[in-house]
Amino acid sequence: VEGFPLEAVAPAPMSALYLELWPPDDRYHHVVDWIDRGRGVANGRAVVIAAYAAAMRSAGSTTERARAMEATLLLTSIVIASGAYHHTLAEGDRLLVEGYYPAAVRLRARERVELQAAWRFSARYLHLLTGPGALDEIAAATMRIVDQVGAPVPTSTLPRAGAVWVRIRTTPEGRVINLVDLRAQADDRWDEPRSVSPRASGWRLTSTVGTAPVAASPWSRGGSARPLSAHPAGGWRLPSFRRWLTVVDRGP
């Protein structure tokens with residue numbers, strides 16, 4: 001619980017490392033920090049993060065419910081993009097709101113579809129998202145994205161409100177670039193309701209990538225990857241997406 005005592009129990013014979021996070025570890029960067037720490041001692045085993053959908057507990061109106069569900073979808077995106085698994089599901093179509101299985105909220109049909117899309121995406125690209133690889137913080141810090149009018153899109157190597165989180169890992173498959181859009185968020189608490197993420201359209205990746213990049217998002221084209229096309233002004237056109245886009249840079 002709260003990551004204690006991770007390093008002491010890591011050598012034990014088990015299939016996965018399980019971390020249950022609670023406040024004060026209630027910021028997105030806390031989640032990522034614990035995943036990185038867990039992967040560092042996991043020796044190839046899975047890292048499972050239990051971070052429950054507290055925002056869903058009291059969501060009443062349609063607007064409140066949408067904001068609460070957005071919190072779950074963004075947190076799941078960050079957990080999976082960091083190379084871990086998100087433990088948040090109870091039996092059937094229910095979402096845990098605290099650490100006891102009776103404390104769960106039944107998902108509505110559209111909510112279930114959206115969450116299933118993220119889980120299918122995780123299973124489909126498991127080798128890219130959870131496989132071995134080294135973080136490339138220099139490449140992430142120099143990543144540049146511009147919008148449809150050429151204005152810079154704010155980016156960050158940490159998942160923070162008001163920016164697109166850039167996470168780059170060098171894997172045997174090439175560089176895997178995860179972009180999680182947090183521009184619409186007023187703060188970075190994972191257990192609070194979140195603003196519904198807008199669709200990002202017309203963006204261009206101007207940083208140097210390989211000769212044959214592809215991209216995919218859980219909520220676009222059924223999660224299928226598509227090749228990126230070169231932009232006349234340089235760089236690559238990114239497909240329209242919401243919340244999370246994965247780019248795989250397969251060429252030199």
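## Salt bridges, strands and rings in a predicted model

The model is predicted.

**Arg-243 and its partners**

The side chain of Arg-243 forms a salt bridge with that of Glu-70, with 2.8 Å from N to O. The two residues belong to distant parts of the chain, 173 residues apart: Arg-243 is in the loop between strand S16 (241-242) and strand S17 (244-249), and Glu-70 is in helix H3 (residues 62-81). Glu-70 is buried too, with a relative accessible area of 2%. The pair belongs to a network in which salt bridges with shared partners join Glu-70, Arg-110, Glu-114, Arg-242 and Arg-243.

Arg-243 also has an aromatic neighbour: Arg-243 lies over the face of Trp-219, 4.6 Å from the ring centre.

**Other salt bridges**

The structure holds 16 salt bridges. The table lists some of them.

| Pair | Distance, N to O |
|---|---|
| Arg-37 and Glu-7 | 2.7 Å |
| Arg-189 and Asp-26 | 2.6 Å |
| Arg-243 and Glu-70 | 2.8 Å |

Take the salt bridge between the side chains of Arg-37 and Glu-7. This pair links distant parts of the chain, with Arg-37 in helix H2 (residues 28-42) and Glu-7 in helix H1 (residues 6-9), 30 residues apart. Are these two residues buried, exposed or partly exposed? Arg-37 counts as partly exposed at 38% relative accessibility, and Glu-7 counts as partly exposed at 37%. Both values fall in the partly exposed class because buried means under 20% and exposed means over 50%.

The side chains of Arg-189 and Asp-26 meet in another salt bridge. Here the partners are 163 residues apart: Arg-189 is in the loop between strand S10 (174-181) and strand S11 (199-200), while Asp-26 is in the loop between strand S1 (16-20) and H2. Arg-189 counts as partly exposed, at 28% relative accessibility, whereas Asp-26 counts as buried, at 10%.

How many of the eight residues of S10 are buried? Eight of the eight are, so S10 is largely enclosed by the rest of the structure.

S10 pairs with strand S9 (residues 164-171), and the two run antiparallel, joined by eight bridges. A hairpin connects S9 to S10 through two residues. Within this pairing, Arg-167 has Asn-178 of S10 as its bridge partner.

S10 also pairs with S17, again in the antiparallel sense, over six bridges. In this pairing Val-180 stands opposite Trp-244 of S17. A general point about strands applies here: in a regular strand, side chains alternate between the two faces of the sheet.

**Aromatic rings around Trp-244**

The count of aromatic pairs comes to four. One of them is formed by Phe-121 and Trp-244, an edge-to-face pair with 4.9 Å centre to centre and 70° between the planes. The pair is classed as edge-to-face because its planes are over 60 degrees apart. Phe-121 lies in helix H4 (residues 109-124) and Trp-244 in strand S17, so the pair ties together parts that are 123 residues apart in sequence. Phe-121 and Trp-244 are both buried. Ring pairs link these two residues and Tyr-125 into a cluster.

Definitions and conventions:
Residues are numbered from 1 along each chain as its sequence is written. This is a predicted model: local features need pLDDT of at least 70, side-chain atom pairs count only at pLDDT 80 or more; totals for chains, interfaces and linings use all residues. Side-chain values use heavy atoms; hydrogens and water are left out. A salt bridge is a side-chain nitrogen of Lys or Arg within 4 Å of a carboxyl oxygen of Asp or Glu. Helices (H or I, at least four residues) and strands (E, at least two) are DSSP runs, numbered from the N terminus. Buried means under 20% relative accessible area, exposed over 50%, partly exposed in between (1.4 Å probe, protein chains only). Two strands pair if DSSP finds at least two bridges between them. Rings of Phe, Tyr and Trp (its six-membered ring) pair if their centres lie within 6.5 Å; planes under 30 degrees apart count as stacked, over 60 as edge-to-face and the rest as tilted. A charge sits over a ring if NZ of Lys or CZ of Arg is within 6 Å of the ring centre and within 35 degrees of the ring normal.
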